[in-house]
Amino acid sequence: MRRQLSLSAALSVLALGCASGGAPDPAPDARVDPAAPSDAAAVTEGPAIFTSSQAERGADVYDDVCLECHTRVEFTEDAFLFGWEGASVARLLSYMMENMPDDAPGSLPERSYLDVTAYILAQNGWTAGSVELESDMDALRQISFESRVTSAP
């Protein structure tokens, strides 16, 4: 049976993780290869809307900024995948631009938000292409962030 969390429930899970400092990173010295999605990432796929070098830059921003509150695997776990089911890439990007980092929302350059979005997509099994992710919100609204995760009731 397929279960789905609401977008607000998933965002609450993410906010709680940040407010509580998140779970400890299982391998603080290990760098996650942005081109190699995790096991959970194998359940999703999407169009090639970013480059591998953009995802690598996103991994650097994630390491420098996001790891203060979030673990490396937090955005490939089932709660994240369920929560963003059917949401657009524009919604994910907008959410991050408006709310992250927690201590200074909207303070990063737009390119950093785009790069982190590319990194998150790569970690969820999206294939890199030859064109970088851009902030064309109308186009990004047409691309759904869907999971294919199933779970027992």
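Predicted model: local features only at pLDDT ≥ 70, side-chain atom pairs only at ≥ 80, totals over all residues.
Biologist: Why is Asp115 called buried?

Modeller: Buried means under 20% relative accessible area, exposed over 50%, and partly exposed in between, with a 1.4 Å probe and protein chains only. Asp115 has 3%, so Asp115 is buried. Its place is in helix 5. Buried residues make up 42% of the 153 residues in the protein.

Biologist: Which residues does Asp115 touch, not counting those up to four places away in sequence?

Modeller: Asp115 touches Gln54, Ala55, Arg57 and Gly58. Contact means heavy atoms within 4.5 Å. For the protein, among contacts with a separation of 6 or more, 81% are between residues 24 or more positions apart.

Biologist: Why is Thr71 called buried, and where does it lie?

Modeller: The relative accessible area of Thr71 is 6%, so Thr71 counts as buried. Thr71 lies in the loop between helix 2 (52-64) and helix 3 (78-83).

Biologist: What does the side chain of Thr71 reach, and what makes a pair of atoms a polar contact?

Modeller: A polar contact is a pair of N or O atoms within 3.5 Å; within protein, one must be able to donate a hydrogen and the other to accept it, and residues adjacent in sequence count only if both atoms are side-chain atoms. The side chain of Thr71 reaches the backbone nitrogen of Glu74 at 3.1 Å.

Biologist: Why is Gly86 called partly exposed?

Modeller: Gly86 has a relative accessible area of 47%, so the label is partly exposed. Gly86 is in the loop between helix 3 and strand 1 (87-88). Leaving aside neighbours within four places in sequence, Gly86 is in contact with Ser144, Phe145 and Glu146.

Biologist: Why does Asp136 get the label partly exposed?

Modeller: Asp136 has a relative accessible area of 42%, so Asp136 is partly exposed. The residue sits in the loop between helix 5 and helix 6 (137-141).

Biologist: What makes a space a cavity or a pocket?

Modeller: On a 1 Å grid over the protein atoms alone, a cavity is a set of points where a 1.4 Å probe fits but cannot get out, whereas a pocket is an open set with protein on both sides within 12 Å along at least five of seven lines; lining residues have an atom within 4 Å of a point. Grid points are joined across faces, edges and corners, and a volume is the space filled by probe spheres set on the points. The structure holds one cavity of 30 Å³ or more. The largest cavity is lined by Tyr62, Arg72, Phe75, Thr76, Tyr119, Ile120 and Gln123. Helix 5 (residues 110-123) gives the most to that lining, with three residues.

Biologist: How much space lies in the largest pocket?

Modeller: The largest pocket holds about 300 Å³. Of the 21 residues lining the largest pocket, the closest to its centre are Cys66, His70, Phe75, Met100 and Pro101.

Biologist: What is the peptide bond from Met100 to Pro101?

Modeller: That peptide bond is cis, with omega near -10 degrees. Pro101 is in the loop between helix 4 and helix 5.

Methods: Residues numbered from 1 in each chain as written. Heavy atoms only, no water. Helix = DSSP H or I, 4+ residues; strand = E, 2+ residues; numbered from the N terminus.
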